[in-house]
Amino acid sequence: MADEAIIKIPSGEVLEDDDEAPGPTISLPDSGDVGEGGKLSMIVQLVKKCLGVKDIAAMRLSLPASLLEPLPNLEYWHYLDRPDLFAAINDSSDPFERILAVVRFIFTKDLKFVHGKVCKPYNSVLGEHFRGHWDVPPVSYSSDPTQPPILRVHTTVPHYTAAQGGETVSVKSNRSGKSSKSTRSGLSLTSTSKGKTSPTLSTAPTSLAGDAGLSKLSLSPLNGSGKNDDKDKNKDKDHIRVVYVTEQVSHHPPVSAYYASCPMRGVEMAGIDQISAKVSGTTVRVAPGSFNKGIYINLTSGPGMGEKYHITHPVANVNGILRGSFYITVGDSTIVTCVGAKGVAYRAVIEYKEESWLGRAHFLVEGVIHTYDEGSTEHEEWTKVKHVPTARVVAVFDGCWRNHIRWRRTAASPPVPSTSTSAASSPSTPSFSAPSLSETEYATLVDLSTLFVVPKKVRPLERQLPNESRKLWDGVTTRLLAKEYGEATKAKLAIEQKQRDEAGERKKKGVQFIPQYFERDISSGVPILTAAGRKAVEEELNECSDAWPSSS
């Protein structure tokens, strides 16, 4: 079969082109009503058409532009909502603190779902690519190593009253039902109110105000408004850069490869993005696709040099479909496995608690960090907190993954080093004597109610290539922002038809599609950059973007 994007996988699976997509195209006509009622009616129609479909993400689906967010899919998914915490993974000389930093990164990588609403970005086309970067000051640390890093941009300082952020987490000594039970701590953390704080701004957070018809994620125009720029235009010399490159390597099923790096901290990340989605009752269940084996983080220099972290994805549910008010709940577990450690090998189990069918969602999570033997396979069966032998557990954590998460050490914890020094020591990262948490004392792991998405920097449209996401979809984006929904739909259909025409032309000529930035073999789950991909990363690292506007 000579067509576009045939990437053979050892299991026998193949990535196929648009003409080989399973089943007929499911299309949804534009009702012409762009109000909330019209959108809700179209969503209900779509859910009915998708009932019984094995995998919505793998089928041909054509939606009117009025249901889409003015945002390319490749820009939407990047796991770098807090690039400063990604870069901080390799700061500590203590391997325990490094895996604790990885767990903290996991809870903050998708802040868009905490402070924004669920949205549907554009479907990526084959060969589309996106690249951008973040310039952020590195985190600093307090004299008490049990406290979380001090973040210097896009954060608020909370007043710790009865209410924190959007939800209140109440710690009680009794157990109050399956959905809120904490196996390790015996504590119940229940979201009880919608109270708000009056936070003090540390640095201007990502703008969350704008057109009510758009999500809070992307209300800043894609070409930038400048409102999210840091107050200090003259960036400190210690700013670090995190770069990101991604490319759509298959259209059916939709599969993209991505790579991120912070060379100044010796941290890089790569993986394959593919989801499987199915309507179940009144929710859409979203799970990793067969090519998506998780997130892979490598430490290439510094104190953790040689360590590799594999992070699996949990399962999510999109709820509130029939009300037109979407929200996400998370189930199952995320497993973090560190290999290549020079000393103790650590692993973490993050278990998202089952939500009750009755009442509102509580978004509870609990987990453990434990030791394991790299040469053994016994730990592979430990996928829930209760599975991990108590003697192996060195730390526990629990809380609300939309708000506040706390942690503490256990009796099995290794002795705390007498001193701790950042890999990149600076005036903001002092050495200190390290007091240890007792078995009953909790400290904050991360307070998500105080954190906001850090805006990225993207090259101006006039410097982008034709298949670069913002350039490719500019005609649709411009019309959506102008609320010209009919014209936006026409522009969207023109892009989709062009892709089909190109696929048909390649098939006639017997020419295969070859990704530009990544090698074709993605069977390991870790994409490999091509020479062009390495060049794109290097160019992004060297970009002078001081005058560019930031956008979320």
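**Pockets, charge pairs and backbone features of the predicted model**

Two or more lining residues are given by each of strand 12 (283–288), strand 15 (315–319), strand 16 and strand 18 (346–352), with strand 16 contributing the largest share, four residues. By class, the lining of the second largest pocket contains eight nonpolar, twelve polar and twelve charged residues, where Ala, Val, Leu, Ile, Met, Phe, Trp, Tyr, Cys and Pro count as nonpolar, Asp, Glu, Lys and Arg as charged, and the others, Gly among them, as polar.

The model is predicted, and local features therefore need pLDDT of at least 70 and side-chain atom pairs count only at pLDDT 80 or more, whereas totals for chains, interfaces and linings use all residues. Residues are numbered from 1 along each chain as its sequence is written, and side-chain values use heavy atoms, with hydrogens and water left out.

The protein contains nine helices and 26 strands, which are DSSP runs numbered from the N terminus (helices H or I, at least four residues; strands E, at least two). Of its 552 residues, 56% are buried, where buried means under 20% relative accessible area, exposed over 50%, and partly exposed in between, with a 1.4 Å probe and protein chains only. The accessible surface comes to about 23,000 Å², of which 54% belongs to carbon and sulfur atoms, as computed by the Shrake-Rupley method with a 1.4 Å probe. Among contacts (heavy atoms within 4.5 Å) with a separation of 6 or more, 70% are accounted for by residues 24 or more positions apart.

Side chains of opposite charge can pair when their charged atoms come close. With a salt bridge taken as a side-chain nitrogen of Lys or Arg within 4 Å of a carboxyl oxygen of Asp or Glu, the count comes to 24 salt bridges. In one of these, the side chains of Glu-540 and Arg-131 meet at 2.8 Å, N to O; because Glu-540 lies in helix 9 (residues 531–542) and Arg-131 in strand 3 (residues 129–136), the pair ties together parts that are 409 residues apart in sequence. Glu-540 is buried at 0% relative accessibility, and Arg-131 is also buried, at 5%. A further salt bridge joins Lys-384 and Asp-332 at 4.0 Å, N to O; Lys-384 lies in the loop between strand 19 (364–371) and strand 20 (393–400), and Asp-332 in the loop between strand 16 (327–331) and strand 17 (333–339), so that this pair links parts 52 residues apart in sequence. Lys-384 is partly exposed at 25% relative accessibility, as is Asp-332 at 41%.

The salt bridge between Glu-487 and Lys-490, at 3.4 Å, N to O, lies within helix 8 (residues 485–509), where the two residues, three apart, are separated by about one helical turn. Glu-487 is partly exposed at 38% relative accessibility, whereas Lys-490 is exposed at 55%. Salt bridges that share partners also join Asp-81, Lys-109, Asp-110 and Lys-112 into one network.

Ser-261, in strand 9 (residues 255–262), is buried at 6% relative accessibility and, leaving aside residues up to four places away in sequence, touches Phe-86, Arg-241, Val-242, Val-243, Val-267 and Glu-268. In the loop between strand 8 (240–250) and strand 9 is His-251, which is buried with a relative accessible area of 12% and whose C-alpha is 9.0 Å from that of Asn-123, although the two residues are 128 apart in sequence.

Most residues other than glycine have a negative phi, and most peptide bonds are trans. A cis peptide bond, with omega about 0°, joins His-252 and Pro-253, and Pro-253 is placed in the loop between strand 8 and strand 9. His-154 has a positive phi of about 50° although it is not a glycine; His-154 is found in the loop between strand 3 and strand 4 (156–157) and is buried, with a relative accessible area of 1%. Phe-363, likewise not a glycine, has a positive phi of about 55°, lies in the loop between strand 18 and strand 19, and is buried at 6% relative accessibility.
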